[in-house]
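Thanks for coming, everyone. Please have the sequence and the model open while I talk. I'll go region by region.

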Amino acid sequence: MNKILITGGCGYIGSHTIVDLIENGYEVLSVDDNSRSTNYLLDGIEKITGKKVKNYKVDLKDYNDTRAIFEENEDIAGIIHFAAYKAVGESVQEPLMYYENNLLSLINLLKCVQEFEVPHFVFSSSCTVYGSPDTIPVTEGSPIKKAESPYGSTKQMGEEMIMNVVKVIDAKAILLRYFNPVGSHPSGLIGELPLGKPANLVPAITQTAIGKIPSMQVWGTDYDTRDGSCIRDYIHVSDIAHAHTLALQYLIKNRNKTNCDIFNLGTGNGVTVLEAIKAFEEVSGTKLNYKVGPPREGDVVAIYANNNLARTSLNWEIRYNLKEMMKTAWAWELRIKQDEQILKNQQYLYN
Ligand code: WQD
């Protein structure tokens, strides 16, 4: 009873979570249509853990193909659902693509949870569900504000769907609201592979530093914050990954308070964009080439987590500080430069 299905297992947080689950004794299967990934990270997982993880190259929007996975694996003890499109800007331009992909996939999975009586379901959610908070740090009880993007509304709707479904089927769920996942596994063998020009801060920093992009912009330094730039709660992806293992164990041990418990996954520390850049420059020994640009539409000025619930209920501890986040992000960027040809051969639209 320890076979876990990871959707989006070839992706950034999915691959790191697979490593943590294997290291904690779980048998793991992945389903990933590789529309925005390759098996490059599965190779990294094998190098780290010695385990070859099977990936079902299936589009979760196809119900019959999705159902076939459960037909073949009657003993799935839990699902961790990462697979979704997650680019805020793209979602504004392509709302229908986001609603169809992120919601239809979830509906198909929940149908399988019901039919095959999968007992545990962990959902990859995001602090984006809070919108622009009135008070910070945000707790799990902070008001859910109108989503700033279609991406954010797919996370809000996803949460609501899961809450309502587990009320009427014999399954338990956990919603994990990530703040800003950054960095890479300390081995340097898995990390983030952004598609095309990076929208997120840390890949933009490391790709600028390595020369993949000529320069980057800091979107606004006139905000009402200590240095004028936006505040976020950057958290190491391996800390996020371990929280998923703990969440699963929490459900398996029936320690859940409701059928759908919610946890914030953040460090509890707010860091400005300029502070993040400074930390990167210190650990990499490079001066970053950036310009100050206009504020980015939809940006929240400041948000960071109250993470007390995850720390106490899941016995979760933060293991990586900001400099270690930047150090591992930079080590990963240097590594994929070495493997650039391999990624190109895999037709990975890395850039
Ligand atoms: C962080 C800060 C930017 C790039 C989003 C989603 C969230 C999650 C992570 C999926 C902001 C600034 C960025 C750049 C910059 N997505 N920035 N120059 O917007 O907080 O969160 O991505 O899981 O759900 O909402 O992350 O990294 O894009 O931006 O100045 O080139 O860095 O303006 O203040 P964000 P981000």
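One definition before we start: a residue is buried under 20% relative accessible area, exposed over 50%, and partly exposed in between, using a 1.4 Å probe and protein chains only. This is a predicted model, so local features need pLDDT of at least 70, side-chain atom pairs count only at pLDDT 80 or more, and totals for chains, interfaces and linings use all residues. Residues are numbered from 1 along each chain as its sequence is written, and side-chain values use heavy atoms, with hydrogens and water left out.

Start with Ser229. Is Ser229 buried or exposed? Ser229 is buried, because its relative accessible area is 0%. Find Ser229 in the loop between β8 and β9 (231-232). Those labels are DSSP runs numbered from the N terminus: helices are H or I with at least four residues, strands are E with at least two.

What does the side chain of Ser229 do? It makes a polar contact with the side chain of Asp227, at 2.7 Å. A polar contact is a pair of N or O atoms within 3.5 Å; within protein, one must be able to donate a hydrogen and the other to accept it, and residues adjacent in sequence count only if both atoms are side-chain atoms. A polar side-chain atom of Ser229 also lies 3.2 Å from the backbone nitrogen of Val273. Leaving out residues up to four places away in sequence, Ser229 touches Gly220, Thr221, Tyr223, Thr272, Val273 and Leu274. Contact here means heavy atoms within 4.5 Å.

Now jump to Leu175. Leu175 is in strand β6 (residues 172-178). Leu175 counts as buried because its relative accessibility is 0%. From Leu175 to Ser229 is 54 residues in sequence and 29 Å in space, C-alpha to C-alpha. Again leaving out residues up to four places away, the contacts of Leu175 include Phe123, Glu159, Ile162 and Phe263.

Next, the ligand. Which residues come nearest to the ligand? Of the 20 residues around the ligand, the answer is Ser126, Leu201, Gln217, Arg232 and Asp299. A residue is near a molecule or strand if one of its heavy atoms lies within 4 Å of it. Look at the oxygen atoms of the ligand. For Asn180, a polar side-chain atom lies 3.0 Å from an oxygen atom of the ligand. Trp219 uses a polar backbone atom, 2.9 Å from an oxygen atom of the ligand. Taken alone, the ligand exposes 690 Å², and the protein buries 91% of that. Those areas come from the Shrake-Rupley method with a 1.4 Å probe; for residues, only the protein chains shown count as cover.

Who builds the shell around the ligand? Helix α7 (201-210) and strand β8 (216-219) each supply at least two residues. β8 gives the most, with four residues. By type, the shell has eleven nonpolar, five polar and four charged residues.

On to the strands. How many residues of strand β4 (residues 76-81) are buried? Six of its six. β4 pairs with strand β1 (residues 3-7) in the parallel sense, over five bridges. Two strands pair if DSSP finds at least two bridges between them. Lys3 stands opposite Ile76 in β4. β4 also runs parallel to strand β5 (residues 120-126), joined by four bridges. There, the bridge partner of Gly78 is His120 in β5.

Last topic: backbone exceptions. Most residues other than glycine have a negative phi, and most peptide bonds are trans. Pro137 sits in the loop between β5 and α6. The peptide bond from Ile136 to Pro137 is cis, with omega near 0°. Then come two asparagines. Asn254 has a positive phi, near 55°. Asn254 is in the loop between α8 (237-252) and β11 (260-265). Asn254 is exposed, because its relative accessible area is 56%. Asn315 has a positive phi too, of about 55°. Asn315 is in the loop between α10 (308-313) and α11 (322-338). Asn315 counts as exposed because its relative accessible area is 52%.

That's my tour. Over to you.

Technical notes. Ala, Val, Leu, Ile, Met, Phe, Trp, Tyr, Cys and Pro count as nonpolar, Asp, Glu, Lys and Arg as charged, and the others, Gly among them, as polar.
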